[in-house]
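I opened this entry to look up strand pairing and charged side-chain contacts. My notes follow in the order I took them.

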Amino acid sequence: QNLVCVVDPSTMQIIQALDKHKGYVVKVKWARENYHHDLASPYTLRLASGDHNGKIIVWDVTQASVKSEFSDGSRPVAEMEWLRTQDASRDLLAVLHPPYNLIVWNADTGTKLWKKSYTDVLQGFSFDPFDPCRLAFIGQDCIIFVEDFSPSKTPSSNGKKYYISAPAASTSISSSSSNEKLSDKKGGKTTISRRVSNILVGESTKRASDEEHVTLNECLQLVYHQACRHHLILLYAREILILDLDINQTVGIIPIERTGSPFVQVIPVRQRDVIMCLHENGGVTVRVRRRTNQVLATPSLEQVGTFGSSEDSPTHTFLDVSYDLRCQSDPLRVTKNNKVVGMTIDPVGEMQVVLVMNDSRILLWELKTVDYECNMSGSSLPVLSPLYTPGATPPIQPLEELALHGESLPLTTSKIH
């Protein structure tokens, strides 16, 4: 587990094997090569990898050589992210060393630019794709928002702590204030309207007695939505929460199907409002945002995306964000010694999904649209959300259906340079 293998997805052959790590590798990140380059200043195919011993190595993959290596003592690496401001800082790498430290490195020289130590235990972070100055940390019992991130200087504060809170059934929902503290409400016979009414509020020294609180230990992943501003996604084993940071409110919940396998990982894509989910059984589901979202303020009629009875209708206005399950792959035969390690997608077309198994197998899935004509008998067909790249001209008459096509491809070895 201390080898970094680079695989050509078109042939499923290993083209490089990088073997300078002593500890087992926990994170790998490709550098974004979208800055200006020419013959005098060419770009190189760079990859950053971090191991359990805290060592970070930046590779020139083409030459299979080490460009730089650095570490912050022996603290392990929990998360890494190349900074998005490529024109100004294409060599900068943000690394989280648990439990408290965030460090920004110059990955070209291995120089530590700054180090920030927080007071809470940090488990992961995510940058806002629409604002490079904002990032969110997930802690043991809270979410920490930093709004003054800069590559050139250390953030001045420890950020703002936020919790997820669901007031009790007898308490009406009030606007967010500094006197409330929030935590994710789990369980019970809570209606969906009350679940969606969770709010984000700031840190407080006193907890309200009429609120239920549960820590974020069960949260598996925190990530910003790549296609919607101010939206943050929290992944749990049985549901996905979508938070709107502009109004400090949970605007959507994606529950798992009753017989579905628990969530493991979620990837929101950038070019369309689609969420790809990896499940414990190795299956991949694709969920597309429903076009008929409603702004709810009063008891609604029987419509798509609204609540059908006055009992379930919320007493205040919010936007119900819903995602429809559009397609899914077949589950894998998962055993104790054969599990899914992770999932990634093609960053260019976002139509190919790759799964990595712990027995060294790689599975490649491709998302395709299957067009079909409208039924001439007059029977109604469901109105599906579009899944076309922005700028493309969708067909007018045919409707589209999604399907995941793929097969288990053995990982074969070719010449290693």
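Predicted model: local features only at pLDDT ≥ 70, side-chain atom pairs only at ≥ 80, totals over all residues.

**Salt bridges**

I started with Arg 361, which is partly exposed at a relative accessible area of 27%. Which side chain does Arg 361 meet in a salt bridge? I found Asp 359, at 3.1 Å from N to O. Asp 359 is partly exposed too, with a relative accessible area of 34%.

I then checked the total: the structure holds 15 salt bridges.

Next I looked at Glu 81 and Arg 32, whose side chains meet in a salt bridge of 2.9 Å, N to O. This pair links distant parts of the chain, 49 residues apart. Glu 81 sits in strand S7 (residues 79–82), and Arg 32 sits in the loop between S3 and S4. Is Glu 81 buried or exposed? Its relative accessible area is 18%, so I noted Glu 81 as buried, the cut-off being under 20%. Arg 32 comes out as partly exposed, at 23%.

I moved on to Glu 69 and Lys 55, which form a salt bridge of 3.3 Å, N to O. Glu 69 lies in strand S6 and Lys 55 in the loop between S4 and strand S5 (56–60), so the pair ties together parts 14 residues apart in sequence. Both ends are partly exposed: Glu 69 has a relative accessible area of 44%, and Lys 55 has 26%.

I also logged a network of salt bridges that links Asp 72, Arg 75, Lys 112 and Lys 115.

**Sheets**

I traced an open sheet of four strands in the order S3-S4-S5-S6, paired antiparallel. Its edge strands are S3 (25–30) and S6 (65–70), and each pairs on one side only. The twist averages 20 degrees from one strand to the next. S3 and strand S4 (residues 46–51) are joined by five bridges. Lys 27 has Gly 50 in S4 as its bridge partner.

I found another open sheet of four antiparallel strands, ordered S21-S22-S23-S26. Why is one side of S21 (263–268) and of S26 (323–328) left without a neighbour in the sheet? Each stands at an edge and has a single partner strand. Here the twist averages 25 degrees from strand to strand. Strands S22 (residues 274–279) and S23 (residues 284–289) pair over five bridges. Cys 277 has Thr 285 in S23 as its bridge partner.

**Hairpin**

Last, I checked S27 (residues 340–345) and S28 (residues 352–357), which run antiparallel and share five bridges. Gly 342 is partnered by Val 356 in S28. Six residues lie between the strands of this hairpin, and Glu 350 takes a positive phi near 55 degrees.

How values were computed. Residues numbered from 1 in each chain as written. Heavy atoms only, no water. Pairing = 2+ DSSP bridges. Helix = DSSP H or I, 4+ residues; strand = E, 2+ residues; numbered from the N terminus. Axes fitted to C-alpha atoms, helices over the stretch in contact; angles between N-to-C directions. Salt bridge = Lys/Arg side-chain N within 4 Å of Asp/Glu carboxyl O. Buried < 20%, exposed > 50% of the residue type's maximum accessible area, 1.4 Å probe, protein only.
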